[in-house]
Amino acid sequence: MTILFRLGTAREAFDVSMTRVRGGTGTTGPPPPGRRPERRGHLRRIRADRVLLLVAAPALAYFLFFHYGALFGNVLAFQDYVPFLGVSGSQWVGLAHFERMVTDPLFWNAVKNTLLIAALQLVFFFPAPLALALLLNSIVGDTVRRFVQSVVYLPHFLSWVIVVALFQQVLGGAGVVNGWLSTLGLGGISVIGNPDAYGPLVIAQLIWKECGWATIIFLAALSQVDEQQYEAAALDGAGYWRRLWHVTLPAIRPVIVLLLVLRLGEFLSIGFEQFFLQRPSVGPETGEVLETFVYYTGFANGDFGYAAAVGLFKGVIGVVLIYAANKVAHRLGEQGVYKA
Amino acid sequence: MDHRIDRRSLLRLAGVGALGLAAPSLFTACGAGSSGGGVSNAGKDLAPWPTYVPFTGPTPDAPGDDSGVQPLFLKYPEKVVRSVHNPVGDGSDVTVMVVSYGAPPKPVAENRYWQAVNQALGVNLKVIVVPDPEYGQKMATLMASGDDLPDMIMFSNLALPHAAEFVQARCADLSEFVGGDAVKEYPNLANLPTYAWKGMGRIGGKLHGIPLERPTPANSLFVNRTAMDTAGIPKDWTTEQYLDAMKQLTGDRKWGVGWFKTLFGGLGGITYHAGSLGAPNTWSEGGGAFTSTLTTPQFEQALEVMRELVEAGTHYPDSLTTSSTDMQSYFHNGTVASMNDGFGSVSLATMKKINSRFALDLGRPYGPQATPWQGPGTFGYVTFKKAEPARIKLLLRICDYLSAPFGTTEYELANYGVEGEHFTKDGDGIKTTDLYNQENNSLLPTKYLGTAPAVLYLPGFPDTAQAVHDWQKATLPRSVRNPATGLRSATEASKGAQLSQIIGDGIAAITFGRKPLSAWKDVVSQWQQAGGDQVAEELAKEHAANQ
């Protein structure tokens with residue numbers, strides 16, 4: 001809904017500025033009588049909108065080059081690609097990489113780990129910012145709220161390298177906590193490098209780093225909820241939880257669904273750096289996810305073709321997921337991300 | 001303006017295309033279908049190894065021998081000679097890309113060592129320093145990009161995907177400049193022992209680099225002798241004594257075993273243990289067939305020892321996330337009592353970092369039938385960007401200068417810096433200054449552009465030099481070389497990195513108890529299927545061709 005709404009406003013802005021351009025340049029007024037408007041219609045429009053078109057050009061170039069242009073890289077998935085031979089010099093291998101993918105236990109191990117972590121992220125990380133936003137929203141004092149908000153936004157601006165190092169310094173075998181425990185004569189705890197603790201650890205890191213930042217959209221949605229509905233509900237005797245359930249959540253449901261659909265579309269993209277940095281500590285059995293698998297296969301082992309095939313697979317799954325999630329959203333009567 | 005840029009980029013594209021079309025025909029001409037076939041030496045015209053013309057230098061306090069024991073110098077030679085008599089460079093810029101294990105160097109304007117090296121070489125060295133932990137990625141990126149190459153690129157022994165193919169396709173063929181007697185034009189390169197050239201090996205029958213000589217011991221166990229003496233641990237130990245020693249040295253936020261992340265990218269972590277217990281050095285060759293050390297019972301015993309070390313909690317707990325440089329600091333400051341490191345770390349730089357906190361020693365192998373592993377005899381090699389013969393000769397003169405042997409003025413500059421600034425000389429020999437700690441050939445890694453055949457001399461630390469010499473005499477006569485050293489395998493060239501990683505991951509999983517010891521068989525069969533068996537076959541063919 002937000003996006004559609006924004007598109008709407010953008011369109012209006014577009015129209016307004018167009019009028020301004022037309023009015024401002026003064027070269028093109030309404031067509032003089034007797035001239036056939038449709039003959040030179042396109043040219044006239046281009047001339048009329050040339051400023052806007054110029055403004056749009058960099059963005060268009062960006063998408064053409066970095067998004068559509070980059071799609072051609074997918075041909076690597078069908079080649080035994082050797083970087084310094086280039087696309088033209090490398091051999092074509094047809095679907096060999098995809099056949100290998102089906103029977104490659106390392107690939108399926110990465111898929112399994114990715115799905116597991118993605119599911120954990122969906123269940124534990126997705127609702128966390130919502131809860132935090134509701135909490136922040138219920139803080140009355142503006143100064144206090146702004147302060148808390150700033151504090152919880154901060155970790156977003158730390159790089160994963162710092163976050164991971166921080167967790168290792170605190171929870172590692174030679175870290176602060178284990179230092180205390182050993183001074184107290186208690187046994188150590190094994191968190192870093194313990195495969196069983198890996199899932200909870202990466203989710204905890206993600207929540208610590210990104211939860212605050214992710215509240216922004218929820219907070220914006222919450223500020224749009226009609227105050228009068230709360231008053232009406234309160235007058236009818238609804239307590240905090242009932243107001244939450246019957247007023248707040250229904251009001252921001254479109255935003256939740258939208259974000260959920262977007263999240264599902266990126267279900268397999270669980271992040272790279274965080275996992276790349278921690279893979280060595282738990283080994284590939286637990287720590288290898290699709291992104292690190294692609295990295296190690298492509299860059300570390302030079303098997304660019306196979307890595308591209310795995311990347312393509314991931315992309316296709318992503319498209320299918322976003323399409324399916326959007327359909328489900330429509331069924332539920334929500335706008336979703338787009339409407340066909 | 002616009003159309004000029006267009007034309008230029010078009011030309012560049014055409015150039016890339018031409019390269020792409022030319023290179024595969026090169027490979028197919030060599031009779032191998034898959035990429036990487038052209039690097040093999042089987043069936044090629046082999047460039048002769050460079051003629052060995054040893055430098056007649058100062059007399060050592062104890063001589064070296066064929067088993068790899070180095071000449072020992074307790075004192076610095078009283079007279080040093082000049083070995084380079086002609087100008088080296090022509091004042092031009094020379095871009096070099098080298099690995100570094102230390103902090104970045106001070107900029108040239110503030111760096112007296114750098115300035116002095118530039119002056120001596122008559123060039124303006126522009127150094128791209130690649131930190132060790134990023135070396136693999138950085139080299140992969142360099143090889144993947146179609147960009148202009150640096151004049152000199154240093155390759156370490158780390159298995160990089162397609163490295164040999166890359167060198168063959170894009171770096172200069174040096175066979176006509178250094179093969180056979182041609183090398184005599186560069187006396188300091190002619191002084192490099194033949195095992196270093198063989199350790200580097202040929203690519204497609206050609207010589208493509210200048211080796212960085214290393215003494216034969218492979219990565220070794222560096223130990224804190226002071227801590228060991230305090231705990232009453234003997235120099236010669238059995239497996240039990242070794243394990244007990246590590247347990248004894250652990251406790252109170254100190255640990256016996258200092259492992260680090262990159263040791264588990266291959267065989268690095270197990271080298272000392274496998275050698276101690278008598279496993280063959282990477283491969284064993286018998287009747288022309290190659291068998292991997294991974295399949296031997298001794299190798300599994302070594303895994304068991306590593307596993308016991310972890311079960312007893314003797315290892316630095318964050319070994320798998322700690323970098324080699326951090327682990328060196330932990331060793332130097334006494335946090336860990338032993339660590340695996342390359343033999344090259346027996347150096348003045350290490351002694352300076354230890355700063356006399358303890359006596360440095362090397363750990364002797366613990367098994368009764370030990371076969372300590374030898375290294376390849378090189379740390380890596382230096383390649384040149386393709387260029388005119390005159391330019392190649394200039395670059396060779398740089399390597400020649402920096403490879404000047406112990407006992408020459410050029411060696412002094414390359415290794416210790418400028419007399420009076422980085423070091424002083426008196427009756428005891430070389431004394432390095434504080435400035436040396438900030439400016440030296442580790443921080444500005446000129447030692448990876450050319451290096452003298454190593455002698456054992458640690459200025460100011462004759463006791464350590466003597467201890468290392470004793471260790472060499474006790475250890476090296478039993479040491480074994482890797483029969484695959486210098487042999488090319490196409491599969492190793494294209495999949496070596498992946499194969500190493502399978503081994504490293506497997507060793508880590510079993511060592512750290514994530515998998516039972518019985519799972520090692522699966523790791524081995526995974527390695528065999530991923531290309532290990534193929535490598536064995538190719539090595540056998542290459543071995544036969546080189547006979």
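A salt bridge, as the term is used in this talk, is a side-chain nitrogen of Lys or Arg within 4 Å of a carboxyl oxygen of Asp or Glu. By that rule, there are 3 salt bridges across the interface of chain A and chain B. Please bear in mind throughout that the model is predicted.

Let me stay with the interface. One of the salt bridges joins the side chains of A:Arg279 and B:Asp505, with an N to O distance of 3.1 Å. On the side of chain A that touches chain B, five helices each supply at least two residues: H4 (86–89), H10 (176–183), H14 (273–282), H15 (284–287) and H16 (290–300). Of these, H14(A) gives the most, with 5 residues. Sorted by class, this side of chain A has 16 nonpolar, 14 polar and 4 charged residues. In total, 34 residues of chain A and 35 residues of chain B take part in the contact. The two chains bury about 2,700 Å² between them, and 55% of that area is on carbon and sulfur atoms.

I turn now to chain A itself. Its secondary structure comes to 17 helices and 2 strands. Of its 340 residues, 38% count as buried. Among the contacts in chain A with a separation of 6 or more, 65% are between residues 24 or more positions apart.

A:Thr114 lies in helix H6, residues 105–125. Is A:Thr114 buried or exposed? A:Thr114 counts as buried because its relative accessibility is 0%, where the cut-off for buried is under 20%. A polar atom of its side chain lies 2.5 Å from the backbone oxygen of A:Ala110. The side chain of A:Thr114 also reaches the backbone nitrogen of A:Leu290, at 2.9 Å. Setting aside neighbours within four places in sequence, A:Thr114 is in contact with A:Leu268, A:Ile270, A:Val289 and A:Leu290.

S4(B) pairs with strand S11, residues 378–384 of chain B, in the antiparallel sense over 4 bridges. Within that pairing, B:Leu212 has B:Gly380 of S11(B) as its bridge partner.

Next comes helix H15 of chain B, residues 409–416. This helix is largely enclosed by the rest of the structure, because 7 of its 8 residues are buried. The buried residues are B:Glu410, B:Tyr411, B:Glu412, B:Leu413, B:Ala414, B:Asn415 and B:Tyr416. What do the buried residues of H15(B) pack against? Their partners in chain B are helices H2 (112–121), H13 (348–354), H14 (389–402) and H16 (434–438), together with strands S12 (423–426) and S13 (429–432). Just after H15(B), B:Gly417 takes a positive phi of about 100 degrees.

B:Glu304 counts as partly exposed because its relative accessibility is 38%. B:Glu304 and B:Ile510 are 206 residues apart in sequence, yet their C-alpha atoms are 8.5 Å apart in space.

How values were computed. Residues are numbered from 1 along each chain as its sequence is written. Chains are lettered from A and ligands numbered from 1 in the order in which they are written. This is a predicted model: local features need pLDDT of at least 70, side-chain atom pairs count only at pLDDT 80 or more; totals for chains, interfaces and linings use all residues. Side-chain values use heavy atoms; hydrogens and water are left out. Contact means heavy atoms within 4.5 Å. Buried area is the accessible area (1.4 Å probe) that two parts lose on being put together, summed over both. Ala, Val, Leu, Ile, Met, Phe, Trp, Tyr, Cys and Pro count as nonpolar, Asp, Glu, Lys and Arg as charged, and the others, Gly among them, as polar. Two strands pair if DSSP finds at least two bridges between them. Buried means under 20% relative accessible area, exposed over 50%, partly exposed in between (1.4 Å probe, protein chains only). A polar contact is a pair of N or O atoms within 3.5 Å; within protein, one must be able to donate a hydrogen and the other to accept it, and residues adjacent in sequence count only if both atoms are side-chain atoms.
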